[in-house]
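User: I would like a close look at one part of this model. Please keep it brisk.

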Amino acid sequence: MALSGFVDFFQKGKTFKPKKKFEPGTLRYSLHTQAQASLSSGINLRAAVLLPPGEDLNDWIAVHVVDFFNRINLIYGTISDYCTEASCSTMSGGPKFEYLWADGNKYKKPTKLPAPQYISLLMEWAEAQINNETLFPVSTDIPFPKTFISQCKKILTRLFRVFVHVYIHHFDRLVAIGAEAHVNTCYKHFFYFVRQFDLIGERELEPLQEMTAHICKDPPIECINSPSRSNNR
């Protein structure tokens, strides 16, 4: 589902401004448009995440990190009224998984926080990362830093934890508003993307392993990778 349709469903007429957008006429805007068109066409989601021939992997990852950030931010917004410090006193994914927050700044050591506070800090941190033009260069003339992939792995890993919390603790709310299919599609897109480019480790994906096996059943793609340009920029 393209972002516009996704937003239309969740906002129901409200105004939604993506936290980060791509300027028309830029390469990343073109890649973003291409990715959205693939989703709208009903293409196999495994195929939708493949790197387009001749395109740079870093640009492709940058576009998707921003898109997933916008979508997951929107998804959490639909259940945030039900995710309170009283109902969700820890950032967890069931009894087995608990996440501690550390940002190297205010929270230098891993700290136990209520889920809404953890997710708020996570979203603020992720937004600061994608708005950092040293990490996410605006111009294709400026090279990506050597830390780009490792930082994207960290962003996507933390965003995945929002999926974990929403699915395990607030799934009933998604069902109540008829959002289950929409969120599942977003999750499948996210999952196929991070696995295709090895951006989240298997252990981190474990909390949703059973659900993933149940819903991520798109036929495998014979050709896993498309030819690409050198990723030196």
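How far apart in helical turns are Phe 163 and Tyr 167 in helix α6 (residues 148-176)?

Analyst: About one helical turn separates Phe 163 and Tyr 167, because they are four residues apart in helix α6. Helices here are DSSP runs of H or I with at least four residues, numbered from the N terminus. An α-helix has 3.6 residues a turn, so residues three or four places apart point the same way.

This is a predicted model, where local features need pLDDT of at least 70 and side-chain atom pairs count only at pLDDT 80 or more, while totals for chains, interfaces and linings use all residues. Residues are numbered from 1 along each chain as its sequence is written, and side-chain values use heavy atoms, leaving out hydrogens and water.

Now the rings. Rings of Phe, Tyr and Trp (its six-membered ring) pair if their centres lie within 6.5 Å; planes under 30 degrees apart are stacked, over 60 edge-to-face, the rest tilted. Phe 163 and Tyr 167 are stacked, because their centres are 6.2 Å apart and their planes at 25 degrees. Phe 163 and Tyr 187 have centres 5.2 Å apart and planes at 85 degrees, so that pair is edge-to-face. Phe 163 lies in α6 and Tyr 187 in helix α7, so the pair ties together parts 24 residues apart in sequence.

Helix α7 is mostly covered: 13 of its 17 residues are buried.

Notes. Buried < 20%, exposed > 50% of the residue type's maximum accessible area, 1.4 Å probe, protein only. Helix = DSSP H or I, 4+ residues; strand = E, 2+ residues; numbered from the N terminus.
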